[in-house]
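Welcome! Have a look at the structure below, and then we will walk through it topic by topic.

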Amino acid sequence: MQSYAAKLFDLIDLKAENIAAQWAADVMKHARTPSYGSLPKETVIELGIKFYRLFRQMSLSDVPYEAAKSFSWKYAEECYRKKIPLQEAFYALILMRRNLWLYADFQGTFVTVLEQYQAVESLNWTILMFDYVSYQLTEKYHELIKIDVDKQIGSIKTLIKDSTFGDQGHAYKTAIMIILLLGACILTYYHHSELATGTIFTHLFYIPIILSSLWWGKKGIFVAIFLGVLILVSHALFLKGTPFTDDIVRAVMFVVIGGVVSWLMGGVKKLEDLYLTLKG
Amino acid sequence: MLSSLKLLDLMANSAESIARQWAKDVGRNPKTPYYHTIDQDDIIPQAVEFYQKLSRVYTDKDPFTAIQRFMGKFAEERFQEGVPLHQALYAIVLMRRHIWLYAEFQAIFITIVEQQQAMDSLTRTILMFDYIAYALTEKYEALLKCNYKNNKRG
């Protein structure tokens, strides 16, 4: 097939700049590729030249599919970096192929019956190449989206995933929480009954409150409620005569903070679901 | 465009046979691993429907709107099934190839005039599949965005 398509390859090699310029003019004003309109013309032409040069590389390669990657991956990365939507990047490829044929047609490359036969073979070759490039483009695009999402929710994912603690993640989390709550009970008892003060020790309670909301979402709010009830009961038992106001505010803040964090985690979990959808 | 009618007839009348061959191919093609574990009989109807709908819009003067409509539904179904876009796209590429493989096997383009018809049909088919692939990609991206926005709101 490659020998028949040689005429087309010669034309492309020789006139890559011209075809790319023609394509750039087309893609920059096409209704289905509006993002290209705002790019510098030289950048767009450069993209086109890279695509047209790929033909020769692919025709010389033993594995054309692998050769196509040298263009399609870079093209995908460049378009993604420029925030061009995938369907536009895809349609720009379609226009690249069409402009190639328009140019060949305009130059009267395939006139005789034999040349018409060559045209069919060249068309088949072009389509095959286009099939490869479009497949690699969409695959790469989604890979790039995944990497981006991974980066954005990566650190939070580490916190919420059971795998952070190995296979027995849930058991470890429960054990850590029990220790923290026991610590909170001891601290409350010590400060209220021994020191008779309700000073800043309650700030430490935000550690189990936030962790429980991160790990268990809405269910984690029970830890905040438990700690709120703990300081109120302890106050009633050991700090008789001292106004309740401060501890009531503290208890309410525990529940509010626990609620806000678990609400935020709901959003993060949904983002994670989306990430899994992308992963396929 | 009229010379494409031969291929159109073939597509409408032999949709099931072409779909059956496509299902076999897509079920073992390395670029479409999603389909490897699915029963062939389950995916044949979607290809039959695709070929039948395509044959209906094949001779339209402006097929893009009709294609956008039927591909919207097709894309939504594939998205819900969890087919990655590049694999859904390649499955479409295989659908196109199987129309031609079937046409070649049935030897519908033999004489010189028929060869000319083949060239016209090829050009028309490519145009149709350009629209189809674009509509599929556009819808998939819209669904992804919609999903993302819903997740953010929820």
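A residue counts as buried if 20 or more other C-beta atoms lie within 10 Å of its own, and as exposed if there are 12 or fewer. Keep in mind that this is a predicted model. With that cut-off in hand, let us start with a single residue.

**A residue in a loop**
- Lys83(A) sits in the loop that links helix H3 (64–81) to helix H4 (86–106) of chain A.
- Is Lys83(A) buried or exposed? Lys83(A) is exposed because it has 7 C-beta neighbours inside 10 Å.
- Most residues other than glycine have a negative phi. Lys83(A), although not a glycine, has a positive phi of about 60°.

**Where the chains meet**
- The contact is made by 23 residues from chain A and 22 residues from chain B.
- On the side of chain B that touches chain A, helix H5 (85–105) and helix H6 (112–153) of chain B each supply at least two residues. H6(B) provides the largest share, 13 residues.
- That side of chain B is made up of 11 nonpolar, six polar and five charged residues.

- In soluble globular proteins, nonpolar side chains tend to be buried together.
- The largest nonpolar core here has 87 residues, and among those touching the most other members are Tyr52(A), Phe90(A), Leu89(B) and Leu136(B). H5(B) gives the most to this core, with 12 residues.
- Leaving aside residues up to four places away in sequence, Leu136(B) touches Met71(B), Ala75(B), Ala88(B), Leu89(B) and Ile92(B).
- A second, separate core has 14 residues, including Ile210(A), Val223(A), Ile231(A) and Ala251(A).

Conventions:
Residues numbered from 1 in each chain as written. Chains lettered and ligands numbered in written order. Predicted model: local features only at pLDDT ≥ 70, side-chain atom pairs only at ≥ 80, totals over all residues. Contact = placed C-beta atoms within 7 Å. Helix = DSSP H or I, 4+ residues; strand = E, 2+ residues; numbered from the N terminus. Nonpolar A, V, L, I, M, F, W, Y, C, P; charged D, E, K, R; others polar. Core = buried A, V, L, I, M, F, W, Y, C linked by C-beta atoms within 7 Å.
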